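Me: I'm new to this one and would like to go through the ligand site with you. Can we take it step by step?

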Amino acid sequence: MRIQKYLAHQGVASRRAAEKMIAAGRVRLNGRQVIDFGVLIDPQNDCLEVDGQKVGAAPRPRYLLLYKPGGYICSAHDEKGRRTVLDLLKGVKERVYPVGRLDYNTAGLLLLTNDGDLTYKLLHPSHEVTKTYVAEVTGVPDRAALEQLRRGVKLTDGVTAPAAVRLRRRGADGAQLEITIHEGRNRQVRRMLDAVGFPVRHLRRTKFAFLDLAGLKPGEWRELRPAEVQKLRAL
Ligand code: URA
């Protein structure tokens with residue numbers, strides 16, 4: 001394939017603009033400047049660079065586990081100018097995307113990756129993985145409320161699937177609960193607890209499948225180990 005056609009396929013420039021790049025001496029093939037529009041390349045084996053940047057190289061796959069603090073949004077841009085989780089990933093050159101979302105005010109475990117296949121798999125409703133949250137609520141849920149949370153709560157978008165719920169601590173005017181769900185509806189835990197009359201004061205995701213936050217402080221992240229990525233793929 002001619003170089004200008006390949007550059008156009010890669011979305012680098014139109015064929016005409018690519019010819020101009022070649023004429024300007026900006027294109028190198030296997031380290032040597034290209035001076036001829038007729039040169040052919042083998043995209044599998046040749047190394048093509050424009051202005052010293054490799055063209056067509058697949059980005060390095062990244063799998064990051066972030067301890068999201070409250071007060072960060074999970075999208076790349078926010079029209080209100082709020083801080084985004086990407087602001088916490090200094091030094092990560094690849095474009096990564098959150099696997100699902102946590103609310104602005106929710107803290108806890110968030111995976112980010114540029115592996116679209118894995119993201120799709122982990123979020124697909126047919127194998128939504130388990131997620132565990134620790135919620136501080138106003139009021140102390142009684143046995144009936146806990147049972148209702150376990151069996152399913154009627155929300156505007158339908159009854160929730162069975163959940164594992166444990167009362168971790170009870171105080172004078174509040175309690176701490178641990179809830180494990182495997183659905184991924186918008187604001188699900190907050191809405192479930194609202195529905196049974198115990199609104200959330202603070203919410204933190206402590207687990208995503210077999211992963212937890214061990215060793216991380218809010219705002220810190222780490223790379224997943226290859227074995228962890230393998231295990232996620234196999235879920
Ligand atoms: N449930 C919520 O209510 N909020 C989250 O961020 C995640 C789950």
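Me: Which atom of Gln188 lies 3.4 Å from a nitrogen atom of the ligand, backbone or side chain?
Reply: Keeping in mind that this is a predicted model, the atom of Gln188 at that distance from the ligand nitrogen is a backbone N or O atom.

Me: And what about Val189, how far is a backbone N or O atom from a nitrogen atom of the ligand there?
Reply: For Val189 the distance from a backbone N or O atom to a nitrogen atom of the ligand is 3.1 Å. Taken alone, the ligand would expose 240 Å², and the protein buries 96% of that area.

Me: Where does the ligand sit?
Reply: The ligand is placed in the largest pocket.

Me: OK, which residues are around the ligand?
Reply: They are Leu102, Asp103, Thr106, Tyr133, Arg187, Gln188, Val189, Arg190 and Leu203, and by type this shell divides into 4 nonpolar, 2 polar and 3 charged residues.

Me: Which helix gives the largest share of that shell?
Reply: That is helix α5, residues 188–195, which contributes 3 residues to the shell around the ligand.

Me: Which domains does the shell draw at least three residues from?
Reply: It draws at least three from each of domain 2 (63–124 + 214–234) and domain 3 (130–208).

Terms used. Residues are numbered from 1 along each chain as its sequence is written. This is a predicted model: local features need pLDDT of at least 70, side-chain atom pairs count only at pLDDT 80 or more; totals for chains, interfaces and linings use all residues. Side-chain values use heavy atoms; hydrogens and water are left out. A residue is near a molecule or strand if one of its heavy atoms lies within 4 Å of it. A polar contact is a pair of N or O atoms within 3.5 Å; within protein, one must be able to donate a hydrogen and the other to accept it, and residues adjacent in sequence count only if both atoms are side-chain atoms. Accessible areas come from the Shrake-Rupley method with a 1.4 Å probe; for residues, only the protein chains shown count as cover. On a 1 Å grid over the protein atoms alone, a cavity is a set of points where a 1.4 Å probe fits but cannot get out, and a pocket is an open set with protein on both sides within 12 Å along at least five of seven lines; lining residues have an atom within 4 Å of a point. A molecule sits in a cavity or pocket if more than half of its atoms lie within 2 Å of its grid points. Helices (H or I, at least four residues) and strands (E, at least two) are DSSP runs, numbered from the N terminus. Ala, Val, Leu, Ile, Met, Phe, Trp, Tyr, Cys and Pro count as nonpolar, Asp, Glu, Lys and Arg as charged, and the others, Gly among them, as polar. Domain bounds come from an automatic or database domain assignment.
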